[in-house]
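The sequence and the model come first.

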Amino acid sequence: MFSEPIPERVSAVRFVDAGERLAGALDPAHYKRLAEIATLLPGGTAELQGSRDPFGPQVVRGTLQCEVRLTCQRCLQPVDVVLSGDIRWGLARNEKAAGQLDRELDPIVLDDGELWLRQAIEDELLLLVPIMPLHDMCDTGWTSDPEPESAPARVSPFGVLSALKTEQGPKGE
């Protein structure tokens, strides 16, 4: 269904004002920064739709769905994790305009009217990667130390001094 990869960039004005819809595959070769921490498995998709409300900001909404291979932090074996997220980008021509966007929109500053799709998608994917990837049921064979049943009474190191004091008797005798 999504055989064509997402283009590297699009004209933001054309994409948003025409309300274009774009759906495509996430080609692992295009996401180098993600490849530094995870392996993007084939089959990932992105769906994007440009829109603009009257007198409102240019907006791109969509979804990301893919699977990545990471290292389980319990057993250090590979674990496949599904990354899924919604996109809500507000497009801005400069940093000042980006600061004025609604808080529900993630600001994307345009580069000469161009929206660098792959870079923005890769940013979203990096934010979706879990900090500590784990298998659902990971048996490491590790068990906690058992609680001691009864700890032996500890002898105070000052007990010897107390015994010396009683042997010498009170001062001044």
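Strand 4 (residues 45-52) and strand 5 run antiparallel and are joined by 8 bridges. Two strands count as paired if DSSP finds at least two bridges between them. The model is predicted: local features need pLDDT of at least 70 and side-chain atom pairs count only at pLDDT 80 or more, while totals for chains, interfaces and linings use all residues. Residues are numbered from 1 along each chain as its sequence is written, and side-chain values use heavy atoms, with hydrogens and water left out.

**Strand pairing around strand 5**

- Opposite A46 stands L64 of strand 5.
- The hairpin of strand 4 and strand 5 has 5 residues between the strands, and F55 in this hairpin takes a positive phi near 60°.
- Strand 3 (residues 39-40) is also antiparallel to strand 5 (residues 58-71), with 2 bridges joining them.
- L40 has V68 in strand 5 as its bridge partner.
- Between strand 5 and strand 6 (residues 78-92), again antiparallel, there are 14 bridges.
- V60 has W89 in strand 6 as its bridge partner.
- In the hairpin of strand 5 and strand 6, 6 residues lie between the strands, and L76 takes a positive phi near 65°.
- In a regular strand, side chains alternate between the two faces of the sheet.

**E124**

- E124 belongs to helix 4 (residues 117-128).
- E124 is buried but has no salt bridge; buried means under 20% relative accessible area, exposed over 50%, and partly exposed in between, with a 1.4 Å probe and protein chains only.
- A salt bridge requires a side-chain nitrogen of Lys or Arg within 4 Å of a carboxyl oxygen of Asp or Glu.
- The nearest side chain of opposite charge to E124 is R88, 7.2 Å away; Lys and Arg count as positive and Asp and Glu as negative, with His and the chain ends not counted.
- Leaving aside residues up to four places away in sequence, E124 touches L64, D86, I87, W89 and D106, a contact being heavy atoms within 4.5 Å.

**Whole chain**

- The chain has 5 helices and 8 strands, taken as DSSP runs (helices H or I, at least four residues; strands E, at least two) numbered from the N terminus.
- The order from the N terminus is β-α-β-α-β-β-β-β-α-β-β-α-α.
- Of the 173 residues in the chain, 31% are buried.
- Among contacts with a separation of 6 or more, 59% are between residues 24 or more positions apart.
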